[in-house]
Amino acid sequence: MATTQGNEVEDAIRELKGIPGFASYAVLNNDGIVIKYENMSYKTAVHHAHQVLSLASKANKYVHDLFDPPDNEVESIRLRTAEYEMIVAQMGNFTVIVSQSPAELLKKGSGDEEKKEEAKKE
């Protein structure tokens, strides 16, 4: 049974990597211990873990105070800056943090590449 769950996690991570704009991920337990990470340093993963768990606990507290059940559960948090998006999802005793490039940056980048290709053809 443990291998089935392990395979499911690996499959989910493989799917995440296939999404355009994927940059990095970290999986951590709810004590803030980084279990798995990729495309970021361990120091960065621990820093994100500390900040995200603090934010998630505050978000959960305020959503529980503001809304009545069953609408008072936080499933995910999406943070966006000019440089990247961070998506945080908690399930059971684990938290997943995924960083990706914003859609606008991907569109700008792909548009520039198309213009370069057109210039080469001419």
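**Basis.** I worked on a predicted model, in which local features need pLDDT of at least 70, side-chain atom pairs count only at pLDDT 80 or more, and totals for chains, interfaces and linings use all residues. Residues are numbered from 1 along each chain as its sequence is written, and side-chain values use heavy atoms, with hydrogens and water left out.

**Fold.** I took helices (H or I, at least four residues) and strands (E, at least two) as DSSP runs, numbered from the N terminus. The chain has three helices and five strands, in the sequence pattern α-β-β-α-β-β-β-α. I then checked burial, where buried means under 20% relative accessible area, exposed over 50%, and partly exposed in between (1.4 Å probe, protein chains only). Of the 122 residues, 25% are buried.

**Pocket.** I searched a 1 Å grid over the protein atoms alone: a pocket is an open set of points with protein on both sides within 12 Å along at least five of seven lines, a cavity is a set where a 1.4 Å probe fits but cannot get out, and lining residues have an atom within 4 Å of a point. Grid points are joined across faces, edges and corners, and a volume is the space filled by probe spheres set on the points. The largest pocket holds about 520 Å³. Its lining has 17 residues, with Val 9, Val 27, Met 91, Phe 94 and Val 96 nearest the centre. Helix α1 gives the largest share of this lining, six residues. At least two residues each come from α1 (2–17), β1 (22–29), β2 (34–38), β4 (85–91) and β5 (94–100). I sorted residues by class: Ala, Val, Leu, Ile, Met, Phe, Trp, Tyr, Cys and Pro as nonpolar, Asp, Glu, Lys and Arg as charged, and the others, Gly among them, as polar. The pocket lining splits into eleven nonpolar, three polar and three charged residues.

**Cavity.** I found one cavity of 30 Å³ or more. The largest cavity has a volume of about 40 Å³. Its lining residues include Ala 56, Ile 77 and Gln 90. Strand β4 supplies the largest share of that lining, three residues.

**Salt bridges.** I counted a side-chain nitrogen of Lys or Arg within 4 Å of a carboxyl oxygen of Asp or Glu. By this rule there are six salt bridges. One of them joins Lys 36 to Glu 10 at 2.4 Å, N to O. This pair links distant parts of the chain, since Lys 36 is in strand β2 and Glu 10 in helix α1, 26 residues apart. Arg 78 also pairs with Glu 85, with the closest N and O atoms 3.0 Å apart. Salt bridges with shared partners join Arg 78, Arg 80 and Glu 85 into one network. Which end of the Arg 78 pair is buried or exposed? Arg 78 is exposed at 58% relative accessibility, whereas Glu 85 is buried at 3%.

**Surface patch.** I noted a nonpolar patch of about 270 Å² made by Tyr 37, Tyr 42 and Val 46. Such patches use residues with over 30% relative accessible area and no salt bridge, like charges being joined within 9 Å and nonpolar side chains (Val, Leu, Ile, Met, Phe, Trp, Tyr) within 5 Å. Areas come from the Shrake-Rupley method with a 1.4 Å probe, and for residues only the protein chains shown count as cover. Tyr 42 lies in helix α2 (residues 42–66) and is partly exposed at 46%.
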